[in-house]
Amino acid sequence: MRKKHCSLKKELTLYALTGIFTTAVNLIVYFECLKFIPPAASNVCGWFCCTLFAYMTSSRLVFGAGGNEFSKKLKQCASFFAVRFVSGFMETVAVYIFIQKMNLNDLAVKLASGVFVVIFNYLFSKVMIFKKS
């Protein structure tokens, strides 16, 4: 039981750390793109970059999805992007409504929606995408 607790604690700590860097990638890309395109489009650019970064870090560092079997990796990657597409779509809708339509603060909306997205993504990654056999 103690070993399982330590393993979960390590996993959550790594997920939090990679999540911080993933959020940083998202925010940097979002705010840079915002100089040229509207908020919802900037959010899509940020989503793509941070999702790619998150897959690379989560698959290896957090969930230890080792192995070199191409079909397994492809399935994991496709599932990861599918779940992230759903959460990214929800975040983009929030950005459109709360920033573009209601003129709320960009950073506040991005951070608030980010909390929901992190929890949603962790649960789906843990239970569906990188589940231990």
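Author: Helix H3 (residues 70–101) packs against helix H4 (residues 106–129) at an angle of about 160 degrees, and their axes lie 10 Å apart. This is a predicted model, where local features need pLDDT of at least 70, side-chain atom pairs count only at pLDDT 80 or more, and totals for chains, interfaces and linings use all residues. Residues are numbered from 1 along each chain as its sequence is written, and side-chain values use heavy atoms, without hydrogens and water.

Reader: What makes H3 and H4 roughly antiparallel to each other?

Author: Axes are lines fitted to C-alpha atoms, for helices over the stretch in contact, and angles run from 0 to 180 degrees between N-to-C directions. Angles under 35 degrees count as roughly parallel, over 145 as roughly antiparallel, 65 to 115 as roughly perpendicular, and the rest as oblique. The angle here is about 160 degrees. H3 and H4 are therefore roughly antiparallel.

Reader: Why are H2 and H3 called roughly antiparallel too?

Author: The axes of helix H2 (residues 39–62) and H3 cross at roughly 150 degrees and come within 9 Å. That angle puts H2 and H3 in the roughly antiparallel class. By class, their contact has 14 nonpolar, 7 polar and 4 charged residues. Here Ala, Val, Leu, Ile, Met, Phe, Trp, Tyr, Cys and Pro count as nonpolar, Asp, Glu, Lys and Arg as charged, and the others, Gly among them, as polar.

Reader: How many helices and strands does the chain have?

Author: The chain has 4 helices and 0 strands. Both are DSSP runs, numbered from the N terminus: helices are H or I with at least four residues, strands E with at least two.

Reader: How do you know that Cys 33 is in no disulfide?

Author: A disulfide is a pair of cysteine sulfur atoms within 2.5 Å. The structure holds 0 disulfides. For Cys 33, the nearest cysteine sulfur is that of Cys 45, 4.0 Å away. For Cys 50, the nearest is that of Cys 49, 7.9 Å away.

Reader: Why does Cys 50 count as buried?

Author: Buried means under 20% relative accessible area, exposed over 50%, partly exposed in between (1.4 Å probe, protein chains only). Cys 50 has 8% relative accessibility, so Cys 50 counts as buried. Cys 33, at 18%, is buried as well.

Reader: What radius of gyration does the chain have, and with what does it agree?

Author: The radius is taken over C-alpha atoms, and the globule rule is 2.2 Å times the number of residues to the power 0.38. With 133 residues, a compact globule would have a radius near 14 Å; the chain has 16 Å, which agrees.
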